[in-house]
Amino acid sequence: MAILSLQNVSKEYASDGQSVRALDGVTLDVAEGEFVALVGRSGCGKSTLLHLAGAMDFPTSGAVLIEGKPTSDLNDAQQTQLRREKIGFVFQSFQLLHTLTVQENVELPLLLAGSMGARELAQERLHWVELDGLGARYPHQLSGGQMQRVAIARALAHSPRILLADEPTGNLDTTTGSVILELLLRLTRERQTATIMATHSPEAASVCNTLVKLRDGHVEEVTRR
Ligand SMILES: Nc1ncnc2c1ncn2[C@@H]1O[C@H](COP(=O)(O)OP(=O)(O)OP(=O)(O)O)[C@@H](O)[C@H]1O
Ligand SMILES: [Mg+2]
């Protein structure tokens with residue numbers, strides 16, 4: 001069974017009294033362990049799709065199912081719980097909290113979810129992304145690639161089944177971007193997450209299992225390797 005399923009999903013935004021159709025009848029299934037690259041021109045709906053897949057926003061019509069359950073059927077508390085338990089999100093701009101150490105950044109989602117042993121779990125996640133020993137540093141004491149690795153460790157803190165990444169290599173040089181990409185590939189395989197990554201990088205797109213091309217809010221092409 002697909003862990004994540006979009007069924008004829010459309011999303012409209014109201015903007016200046018006008019309606020913008022960001023997604024238009026998107027149907028897509030993603031399985032555990034599958035790494036999907038989401039590509040297409042600026043404005044084609046990539047970020048919108050990721051927000052819907054992560055239950056951070058909801059479709060205007062159609063359904064987004066996580067483990068078979070429509071996200072729109074959940075109340076606010078259930079949606080928050082779903083996000084905390086099942087979803088990890090990685091942003092282009094890392095979005096680390098600058099007043100917290102690396103270790104504390106990774107611990108935070110665990111503390112919010114009331115997990116036991118947050119400290120040890122965070123250390124283990126930092127090991128996954130090969131940042132052992134850097135837990136006491138602050139984000140400004142890290143390179144861009146290291147910051148993104150902390151953000152990935154944080155996204156994986158609670159062992160989410162679904163990992164969503166919005167242009168995670170967009171602010172990095174090519175070499176550092178390749179390192180981050182390799183890391184996401186390895187973690188997807190090892191942790192069996194369903195990973196969707198929006199990207200403008202052809203190199204990144206070429207190493208994924210599945211390539212989904214969006215155009216003006218609809219799926220133009222799906223290539224599975
Ligand atoms: N909150 C919003 N309110 C109104 N319109 C929005 C909103 N968010 C996105 N849009 C519009 O929806 C469309 C899809 O936007 P989206 O951010 O999903 O594109 P994208 O593929 O991620 O682009 P990029 O590659 O530039 O990040 C665009 O036309 C955008 O202007
Ligand atoms: Mg975007």
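Helices are DSSP runs of at least four residues, and they are numbered from the N terminus. The exercises below apply to a predicted model.

**Exercise 1. Identify polar atoms of the protein that lie within 3.5 Å of an oxygen atom of ligand 1, and state how much of the ligand is buried.**

Solution. Begin with the side chain of Ser 42, which places a polar atom 2.6 Å from an oxygen atom of ligand 1. Next, turn to the backbone: a backbone N or O atom of Gly 45 is 3.1 Å from an oxygen atom of the ligand. For Cys 44, a polar backbone atom is 3.3 Å from an oxygen atom of ligand 1. Finally, consider the area: ligand 1 taken alone exposes 640 Å², of which the protein buries 62%.

**Exercise 2. Describe the largest pocket by its volume and its lining.**

Solution. The volume of the largest pocket is about 470 Å³. Its lining consists of 18 residues, and Arg 83, Ile 87, Phe 89, Pro 109 and His 158 are the closest to the centre. At least two lining residues come from each of helix H2 (76–86), strand E6 (87–90), helix H3 (102–112) and helix H5 (144–155). The largest share, four residues, is that of H3. Sorted by class, the lining has nine nonpolar, six polar and three charged residues.

**Exercise 3. Decide why the radius of gyration of the protein agrees with that of a compact globule.**

Solution. First, take the chain length: for 225 residues, a compact globule would have a radius of gyration near 17 Å. Then compare: the protein has 17 Å, so the two agree. The C-alpha atoms fill a box of roughly 45 × 40 × 40 Å along the principal axes. The protein has seven helices and ten strands.

Technical notes
Residues numbered from 1 in each chain as written. Chains lettered and ligands numbered in written order. Predicted model: local features only at pLDDT ≥ 70, side-chain atom pairs only at ≥ 80, totals over all residues. Heavy atoms only, no water. Polar contact = N/O pair within 3.5 Å; in protein donor to acceptor, adjacent residues only side chain to side chain. Areas by Shrake-Rupley, 256 points an atom, 1.4 Å probe, with all protein chains shown as cover. 1 Å grid on protein atoms, 1.4 Å probe; cavity = no way out; pocket = protein on both sides within 12 Å on 5 of 7 lines; lining within 4 Å. Points joined across faces, edges and corners; volume = space filled by probe spheres on them. Nonpolar A, V, L, I, M, F, W, Y, C, P; charged D, E, K, R; others polar. Rg over C-alpha atoms; globule rule 2.2 N^0.38 Å.
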